[in-house]
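Colleague: I have the coordinates open and would like to go through them with you. Could we begin with the strands?

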Amino acid sequence: MEGNASTSYRGRSAVPELGDKVLAVGDAMHAGERSRMSAELTDVFISLGREHGYDDVVAEFAPFKEFKSTWRRSGSSVRFQISDYMVGADHGALEDYAASLYERLSRRSRKSIYTPRLTSWLTSRDFLSRNQALYLERSRNLSLDHRGRVYDLQEAYLSLRDQGLVRACPDAVFNWTVRDNRRKVGYCSVLMKVVAISSIMDSEKVPPFVSEYVLYHELLHLQDGLRPGSRCHDRDFHERERLHPRWKESEEWLRRLARRRD
Ligand SMILES: [Zn+2]
């Protein structure tokens, strides 16, 4: 695991043209709150560290793209870099997260880090309004536009919703990828409610139902939400996937695209 702490938190300019779907980056960016949270983070990690036998503890926020944290330990010293998506979390969520990381550190526990208090932060509106735009800004392979050269993912989503295949997910943001990935044709961050569809399907040569089907797959993940510990592609998932009227043709197309070499 490695950190990335030298990257400036506010170093990049605002995200260009995100459309109307993206919530504004909230007050988390204000230096006052950030420094108050940094002090709270330090307090929580130092006091829990004592209970675990660490007398020299540093914990600071780091601008990782994904929600993750890292640590380096040496004897009774430990230095944590904590995802800055935790800025704004309440004290309880911070304590639970710290406790899970210490348990990982001492390898005493393999249990899920997603306690009710942490989960309630990660699935809150506040979390999304602070972090979704930040996540998009840190994602290098996204077009930041639901409109592609040929197809519009927002329209595909509305069509899936109107067919009754997915529920409404008003916070979701849809993007084409910049690179035309052949094998990894869809991606979603359940935490950030961001979906990316490979631009290889944004072409007159590929019928519209193929990208719609991949979008459908990713929307099923969004609907399932955080499911720590359980397999995301279980039998039930595949059964729901096959409710899409063109799933079979789409799967054939995806196999063809993965093989194609032009
Ligand atoms: Zn999947």
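This is a predicted model: local features need pLDDT of at least 70, side-chain atom pairs count only at pLDDT 80 or more; totals for chains, interfaces and linings use all residues.

Colleague: Which residue does serine 74 stand opposite in β3?

Modeller: Serine 74 of the model is placed opposite serine 77. Strand β2 covers residues 70-74, and five bridges join it to β3 in an antiparallel arrangement.

Colleague: And how many bridges join β1 to β3?

Modeller: There are seven bridges between β1 (residues 56-62) and β3 (residues 77-83), and these two strands run parallel. Two of the pairs can be named: glutamate 60 has glutamine 81 as its bridge partner in β3, and alanine 62 has serine 83.

Colleague: What is the strand order in the sheet?

Modeller: The order is β1-β3-β2, in an open sheet of three strands with mixed pairing. β1 and β2 each have a single partner strand and stand at the edges, so one side of each has no neighbour in the sheet. On average, neighbouring strands are turned by 10° against each other, direction ignored.

Colleague: Which helix lies across β1 and β3?

Modeller: That is α1, residues 31-51, which runs at about 145° to β1.

Colleague: Changing topic: which residues touch the most other members of the largest nonpolar core?

Modeller: That core has 32 residues, and those touching the most other members are Leu153, Val194, Val195, Ile197, Val214 and Leu215. The elements that contribute two or more residues are α4 (125-138), α5 (153-162), β4 (173-176), β6 (194-197), α6 (208-224) and α8 (247-259). The largest share, seven residues, is from α6.

Colleague: Let us take valine 195 on its own. What is it in contact with, leaving aside neighbours within four places in sequence?

Modeller: With those neighbours set aside, the contacts of valine 195 are Ala172, Phe174, Asn175, Cys188, Leu215, Glu218 and Leu222.

Colleague: There is a glutamate in that list. Is glutamate 218 buried or exposed?

Modeller: Glutamate 218 counts as buried, because it has 24 C-beta neighbours inside 10 Å and the threshold for that class is 20 or more. Its place is in helix α6. Setting aside neighbours within four places in sequence, glutamate 218 is in contact with Gly186, Cys188 and Val195.

Colleague: How far apart are glutamate 218 and valine 190 in space?

Modeller: Their C-alpha atoms are 9.1 Å apart, while in sequence the two residues are separated by 28 residues.

Key. Residues are numbered from 1 along each chain as its sequence is written. A nonpolar core is a set of buried Ala, Val, Leu, Ile, Met, Phe, Trp, Tyr and Cys residues joined through C-beta atoms within 7 Å. A residue is buried if 20 or more other C-beta atoms lie within 10 Å of its own, exposed if 12 or fewer, and partly exposed in between; C-beta atoms are placed from the backbone. Helices (H or I, at least four residues) and strands (E, at least two) are DSSP runs, numbered from the N terminus. Two residues are in contact if their C-beta atoms, placed from the backbone, lie within 7 Å. Two strands pair if DSSP finds at least two bridges between them. Axes are lines fitted to C-alpha atoms, for helices over the stretch in contact, and angles run from 0 to 180 degrees between N-to-C directions.
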